[in-house]
Amino acid sequence: MNTIIGLIIIAIGSFGQSSSYVPIKKVKDWSWECFWLTQGVFAWLLFPFLGALLALPSGTSLIEVWSAADEGALKAIGFGVLWGIGGLTFGLSMRYLGVALGQSLALGTCSAFGTLIPAILAGQNLFSGDGLILLIGVSIAIAGIAIIGYAGALKSKNMSEEEKKKAVKDFALKKGILIALLAGVMSACFNLGLEAGAPIKAHLASLGANELLVLNPVILLVTIGGFITNACYCLFQNYKNKTFSDYTRASGSTWVNNLIFCALAGLLWYSQFFGLGIGQSFFEPGSVMMAFSWSILMSLNVIFSNLWGIILKEWKGSGQKTIMVLIAGLVVLIISIILPQVLK
């Protein structure tokens, strides 16, 4: 029963993340780099900071907690800087492939690397026992992602250039796929950052912190690193494209509109990791489900992002065969989530 509760909580957070790119469509008169940086302030600084504060026992500060982790805090930030490259290119993959296909390819790659690398570094044998179950689950998830990727290729083949541009304004399949794969590999560093911050969780638990929230201060460290990368790139793009004026020439109503939707996007994005931390607390420490939780989150993100892709009509005009292949890929992903629990 606890496992089911944990999965439901992770699914709720995943739905929030998969919905986070919808509010961005409501941002007006700002270049990509302007709204990406603004939503990043909310997604990677403000909301993670508030979430981290919720985890602190009375009389304890974030600096004290982070200091108790020795090198763990710095490693978490370092992995966050690398993840920031993934987060940056992740946004670009949405730009060139759309919400559905862009998230599918990026998150699928992220799922595999983010799940298996920590297990390998921990010395777990992936060819027997729990390690084998983990490997099977990840392999099925990757298969589901590959099927969805094939659906994306069929979509590109069957749609005219006009239809592609109508569904996704800057659609570019080859460029988008390369960026999405890079985004997936680098985004896996987020989970490596969470693993590096494990001593912080242990220290908070020893202080009597609520176990549902002990991951939050670690999440903040990783997102700080990610914000550094994204802020440097966006400010460079502001300089290169002369778009600093976007911030100043916008009317008061436009500013209010853009801040509201950027804040909503940031809150929805952060909800995936807030939910992950709470959901993991319902899994047995060291269990297959705990190790597989990252892949579960990524798979759910793909499922919900493709549902949004259908709602936003990104698959319109792609043909019945393409839709059937897409549905098959989603079914395989659902199986990948359920199977480890059945096999354990």
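## Helix packing, salt bridges and cysteines in a predicted model

Phe190, Gly193 and Leu194 of helix H9 are in contact with Val218, Ile219, Val222 and Thr223 of helix H11, where contact means heavy atoms within 4.5 Å. Helices (H or I, at least four residues) are DSSP runs, numbered from the N terminus. The model is predicted: local features need pLDDT of at least 70, side-chain atom pairs count only at pLDDT 80 or more, and totals for chains, interfaces and linings use all residues. Residues are numbered from 1 along each chain as its sequence is written, and side-chain values use heavy atoms, with hydrogens and water left out.

### Packing against H11

Two packed helices are described by the angle between their axes and the distance between the axes. Axes here are lines fitted to C-alpha atoms, for helices over the stretch in contact, with angles running from 0 to 180 degrees between N-to-C directions. H9 covers residues 189-196, and its axis comes within 9 Å of that of H11, crossing at roughly 135°. H9 and H11 are therefore oblique to each other; angles under 35 degrees count as roughly parallel, over 145 as roughly antiparallel, 65 to 115 as roughly perpendicular and the rest as oblique.

The axes of H10 (residues 198-206) and H11 (residues 216-241) come within 8 Å and cross at roughly 150°. This angle makes H10 roughly antiparallel to H11. Ile200, Lys201 and Leu204 of H10 make the contact with Pro217, Val218 and Leu221 of H11. The crossing of H10 and H11 is right-handed, and the crossing of H9 and H11 is right-handed. A crossing is right-handed if the near helix is turned clockwise from the far one by less than a right angle, and left-handed if anticlockwise.

Helix H11 also contains phenylalanine 227. This residue counts as buried, at 17% relative accessibility; buried means under 20% relative accessible area, exposed over 50%, and partly exposed in between (1.4 Å probe, protein chains only). Residues up to four places away in sequence aside, phenylalanine 227 touches Leu37, Gly40, Val41, Trp44 and Leu45.

### Salt bridges

Side chains of opposite charge can pair when their charged atoms come close. The structure holds two salt bridges, each defined as a side-chain nitrogen of Lys or Arg within 4 Å of a carboxyl oxygen of Asp or Glu.

| Salt bridge | N to O distance |
|---|---|
| Lysine 75 and glutamate 71 | 3.9 Å |
| Aspartate 246 and arginine 249 | 3.0 Å |

Glutamate 71 lies 20 Å from phenylalanine 227, C-alpha to C-alpha, and the two are 156 residues apart in sequence.

Aspartate 246 and arginine 249 both belong to helix H12 (residues 245-249), where they are three residues apart, about one turn of the helix. Aspartate 246 is buried, with a relative accessible area of 5%, whereas arginine 249 is exposed at 61%.

### Cysteines

A search of the whole structure finds zero disulfides, a disulfide being a pair of cysteine sulfur atoms within 2.5 Å. Cysteine 234 is in no disulfide, and its nearest cysteine sulfur, that of cysteine 34, is 8.4 Å away. Cysteine 234 is buried, at 0% relative accessibility. Cysteine 189 is also buried, at 10% relative accessibility.

How values were computed. Helix = DSSP H or I, 4+ residues; strand = E, 2+ residues; numbered from the N terminus.
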